[in-house]
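Biologist: Could you walk me through this model, a bit at a time? I'll ask as we go.

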Amino acid sequence: MVESRLIGPVRVVGAGLLGTSVALGLRTRGIDVILADASPTHVAIAVDLGAGRPAKADDAPQLIVVAVPPDVTASVVAAELAAFPEAIVTDVASVKAGILAELEAVGADVSRYIGSHPLAGRERGGPLAARADLFAGRPWVVAAHDEISYRRASAIDDLILDLGATLVEMTPEEHDAGVALISHVPQVVSSIMARRFLDAPNAALGLAGQGVRDVTRVAASDPDLWVQILGANASPVRDILLAYRDDLDRFIEALADPAAPGARRRVAEELTGGNTGVARLPGKHGTDKRFTTIVVMIDDRPGQLARLLAEIGEIGVNLEDLRLEHSPGRQVGLAEVQVVPEAADRLTTELAERGWRIAG
């Protein structure tokens, strides 16, 4: 069993995806985890998964993690602070400034509270979707404020490090502006784009490839949850959407008469700006200049992807990232394999010798 920084017990309020994942991760380190949820079924499932135990009257948690919907987060945090006067409390909601302001307004003891937010999740929710390694390598923001001491806040740092996440310090306001840009506005744009499909001809939808699927993937997210998130972070989201609308207006104006002087240059500048912007994203989400991409064609037959990954391992090359592209009805898929540049030529040669078709 891996040694833990936390002592415990840790009380997790909300046995959904995030709460149960926190609990599972802590249990792998031997921490005593107490589970609480408004749904007894969620608690029972999480207990059956090995995520912890139900709450008892004499529990005295070191740390409390509140993982409930954003519209009730502040009230639940306030109740936990009152019920456990010796515990440090954090929450994992995706907005921070409003929750802190609401707690201060009701006179809660925020000297024992600090908000946090793991940038991790899945398309599915609930305890059955939870994973002990959900936070491994993912950013986890601690939204610091002046009313809690560094010594008290260190318990949240220990939690984040125990779960394998990367600690990022921000103010609540910096956090909310940041997630508006990298999470909340993309959700809005994705959903609005996907609405265009409602009345689209089936023949057009049948042409869908990976590009449109990438753009609209998060449009499948839970509307009830996103109404809460967007309402809680409305001002930063609105500011970015207004600027985005200006960008769209320039694009629309250029396309009104593509032959007009300067129209093509304007379109090119907008597209080039997108290239420059996406290149700034770190790691696999952007164009990571540290790695070289090899595109391997894979027959649409069971076991082919597993065979490719196994043979890359046999060749002795470390796979840095993998992206799949496949459209229904096509007999071939594409695997975009990223490796360090010095391994690219050898991997390309040896895969070709093993019968793999390398695009380009």
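Predicted model: local features only at pLDDT ≥ 70, side-chain atom pairs only at ≥ 80, totals over all residues.

Biologist: Where is valine 215 placed?
Modeller: Valine 215 belongs to helix α8, which covers residues 210-216.

Biologist: And what is valine 215 in contact with, leaving aside its neighbours within four places in sequence?
Modeller: With those neighbours left aside, the contacts of valine 215 are Ser190 and Met193. Valine 189 is 26 residues from valine 215 in sequence, and the two C-alpha atoms are 8.5 Å apart in space.

Biologist: What about glutamine 187, buried or exposed, and why?
Modeller: Glutamine 187 has a relative accessible area of 6%, which is under the 20% limit, and therefore it counts as buried. Glutamine 187 sits in helix α6, residues 172-195, and, leaving aside neighbours within four places in sequence, it is in contact with Val218, Ala219, Ser221 and Trp226.

Biologist: Changing topic, in what order do the strands of the sheet come?
Modeller: The sheet is open and has five strands in the order β3-β2-β1-β4-β5, with parallel pairing. At its edges are β3 (53-54) and β5 (88-91), each of which pairs on one side only.

Biologist: Which helix packs on that sheet, and which strands does it touch?
Modeller: Helix α3, residues 70-83, packs on the sheet and touches β1, β4 and β5, and its direction makes about 170 degrees with that of β5.

Biologist: How many bridges join β1 to β4?
Modeller: Four bridges join β1 (residues 10-13) to β4 (residues 63-66), the two strands running parallel, and valine 13 stands opposite valine 66 in β4.

Biologist: Back to α3, which of its residues are buried?
Modeller: The buried residues of α3 are Pro70, Thr73, Ala74, Val76, Val77, Glu80 and Leu81, and they pack against β1, β4 and β5 as well as against helices α4 (97-105) and α9 (223-232).

Biologist: And what does α3 reach from its first C-alpha to its last?
Modeller: With 14 residues, α3 reaches 20 Å from its first C-alpha to its last, close to the 20 Å expected at 1.5 Å a residue.

Biologist: Last one: how many cavities of 30 Å³ or more are there?
Modeller: The count comes to one cavity of 30 Å³ or more. The largest cavity holds about 30 Å³ of space, and its lining consists of Lys96, Leu100, Tyr113, Gly115, Ala143, His145 and Pro172.

Key:
Residues numbered from 1 in each chain as written. Heavy atoms only, no water. Buried < 20%, exposed > 50% of the residue type's maximum accessible area, 1.4 Å probe, protein only. Contact = heavy atoms within 4.5 Å. Pairing = 2+ DSSP bridges. Axes fitted to C-alpha atoms, helices over the stretch in contact; angles between N-to-C directions. Expected span 1.5 Å × (residues − 1). 1 Å grid on protein atoms, 1.4 Å probe; cavity = no way out; pocket = protein on both sides within 12 Å on 5 of 7 lines; lining within 4 Å. Points joined across faces, edges and corners; volume = space filled by probe spheres on them.
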